[in-house]
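This report describes selected residues of one protein model. Please keep the sequence and the structure in view while reading.

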Amino acid sequence: LLVSKDLGKHLLEVEDLLQKHGLLEADISAQTERVQALNAAALKFSELEGYQPCDPQIICNRVNHVQTCLEELEELAAKRRKELEDSRQLWTFFQEMEEAEAWIREKEKILAAKTCGRDLSSVLTLTTKHKTMLGELGNRRALLHQTMKKGEKILAKKSFSSVGIQEKMREVCLRWKKLEEVTGLHQQRLEDALNFFQFSAETDDLVAWLQDTYRIVSSDDFGHDDYSSQALLRKHRAVVEEVEKHRVAVMSLRKQLALLAPDHRQGVDVQIRVVEVEQLYGEVAEVAVLRTQWLQDALAVYRMFSEVHACEVWVDEKEQWLEKMEVPEELDEVEVVQHRFESLDQEMNSVMGRILDVNQVVQQLVEGGHPSSEEVRSCQDHLNSRWNRVVELVETKKGQLSSVLKIQNFLLEC
């Protein structure tokens with residue numbers, strides 16, 4: 001049993017042989033105690049004095065022979081155990097290598113069947129799964145490294161033929177290297193797909209924002225008075241600032257496109273999409289500039305109307321006063337009226353400046369092609385007409401006062 005050359009042909013068989021060898025070792029251990037007891041008993045006969053039933057030398061020789069046989073048996077058992085344990089190490093190595101190969105084949109099939117997703121959500125899901133597989137790959141790499149070390153130790157012992165071990169190690173190493181290459185390529189494809197779908201998502205968000213902004217800046221609401229126009233202009237200026245901030249994002253689209261993988265950046269659809277975004281941004285920026293001008297014109301119109309109204313209120317008041325005023329004949333009363341006209345001249349100079357400003361604003365609006373040009377021109381003409389009426393009345397009244405003063409001065413001289 002101990003000199004058998006049967007070391008097993010696979011791990012389970014070796015384990016079975018080791019179990020049987022353990023029983024044999026237990027039997028030898030039990031027999032060792034019995035032999036030692038028998039030897040001790042036999043040696044007592046060699047120590048007898050007087051009558052000796054057997055030659056003491058024969059007894060000693062026999063005891064030594066039995067002891068030597070037992071020691072040889074124990075050495076054979078120890079040698080057999082070592083051989084079986086070495087065999088177990090060998091077949092454990094082969095089994096672990098087979099498990100590694102099976103794991104590699106499984107991952108190769110998974111990687112071969114994997115796609116890169118159809119949208120951003122699916123790519124993110126696949127990326128998460130791939131990260132999990134990379135963790136498994138790292139763990140399996142550590143196990144494979146340990147198995148390789150076992151193989152190197154077996155080769156160092158030179159207990160078995162190195163051909164099969166080295167061939168298995170080389171084969172698994174090659175397959176592992178190929179798996180890592182395939183994994184790296186798949187990871188790169190996922191990253192390329194992720195970059196593409198992120199670019200597409202950001203582009204879609206940008207288009208949605210531009211479309212909403214276009215609806216805002218193309219509004220035909222310019223307010224109904226000075227206050228509402230000012231409020232709309234403030235809001236519009238905030239929108240214009242946002243449009244300007246988005247200019248960088250739009251201008252960087254082509255740079256982002258150039259960074260995508262060739263398969264993605266060379267697609268006709270994505271290139272057309274970039275051109276559409278640039279064109280849409282140009283339209284939004286252009287309409288935003290126009291709306292700024294329209295709101296400013298509307299604000300100018302409402303301010304002009306307000307100024308015209310204020311001037312006309314003053315004109316109404318002075319016109320009524322002038323029409324009702326009668327030139328006095330007494331010198332004292334004439335001087336009072338004359339002082340009033342001096343104050344009126346100052347007011348008229350101030351109002352004249354305001355009317356000139358109104359005329360200048362009207363001229364700018366008309367030359368700029370404002371849609372309310374006719375209404376604005378009509379308002380201007382009406383104000384100027386009223387103003388000219390007041391000027392005529394003032395001149396008339398001043399002429400009358402001058403005549404009265406001349407008469408009074410003549411009478412005083414007389």
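In which helix does leucine 76 lie? Leucine 76 lies in helix α2. The model discussed here is a predicted one.

Together with Val3 and Leu73, Leu76 forms a nonpolar patch on the surface. The accessible area of these residues together is about 240 Å².

A patch of another kind is made by Glu71, Glu72, Glu74 and Glu75, which form a negative surface patch. Is glutamate 75 buried or exposed? Its relative accessibility is 56%, so glutamate 75 counts as exposed, since exposed means over 50%.

Side chains of opposite charge can pair when their charged atoms come close. The count of salt bridges in this model comes to 24. One of them joins arginine 81 to glutamate 85, with the closest N and O atoms 3.4 Å apart.

Both arginine 81 and glutamate 85 belong to helix α2, where they are 4 residues apart, about one turn of the helix. Arginine 81 has a relative accessible area of 25% and is partly exposed. Glutamate 85, at 30% relative accessibility, likewise counts as partly exposed.

## Salt bridges between helices

What is the distance between the closest N and O atoms in the salt bridge of arginine 254 with glutamate 278? These atoms are 2.9 Å apart. Arginine 254 lies in helix α6 (residues 253–259) and glutamate 278 in helix α8 (residues 268–324), so this pair ties together parts that are 24 residues apart in sequence. Arginine 254 is partly exposed, its relative accessible area being 45%. Glutamate 278 is partly exposed as well, with a value of 23%.

Another salt bridge is formed by the side chains of arginine 386 and glutamate 319, at 3.0 Å from N to O. Arginine 386 lies in helix α10 (residues 373–413), whereas glutamate 319 lies in helix α8, so the pair ties together parts that are 67 residues apart in sequence. Both arginine 386 and glutamate 319 are buried. They also belong to a network of salt bridges that links Asp316, Glu319, Glu323, Arg386 and Arg389.

Threonine 213 is found in helix α4, which comprises residues 162–217. Why does threonine 213 count as buried? The reason is its relative accessibility of 4%, because buried means under 20%. When its neighbours within four places in sequence are left aside, threonine 213 is in contact with Val239, Val243 and Val284.

Asparagine 39 is located in helix α1, which comprises residues 11–45. Its relative accessible area is 9%, so asparagine 39 is buried. Which residues does asparagine 39 touch, not counting those up to four places away in sequence? Asparagine 39 touches Val63, Val66 and Gln67.

## A separation along the chain

Asparagine 39 and proline 371 are 332 residues apart along the chain, and their C-alpha atoms are separated by 133 Å.

How values were computed:
Residues numbered from 1 in each chain as written. Predicted model: local features only at pLDDT ≥ 70, side-chain atom pairs only at ≥ 80, totals over all residues. Heavy atoms only, no water. Patch = residues over 30% accessible without salt bridge, like charges linked within 9 Å, V, L, I, M, F, W, Y side chains within 5 Å. Areas by Shrake-Rupley, 256 points an atom, 1.4 Å probe, with all protein chains shown as cover. Salt bridge = Lys/Arg side-chain N within 4 Å of Asp/Glu carboxyl O. Lys, Arg positive; Asp, Glu negative; His and termini not counted. Charge placed at Lys NZ, Arg CZ, Asp CG, Glu CD. Buried < 20%, exposed > 50% of the residue type's maximum accessible area, 1.4 Å probe, protein only. Helix = DSSP H or I, 4+ residues; strand = E, 2+ residues; numbered from the N terminus. Contact = heavy atoms within 4.5 Å.
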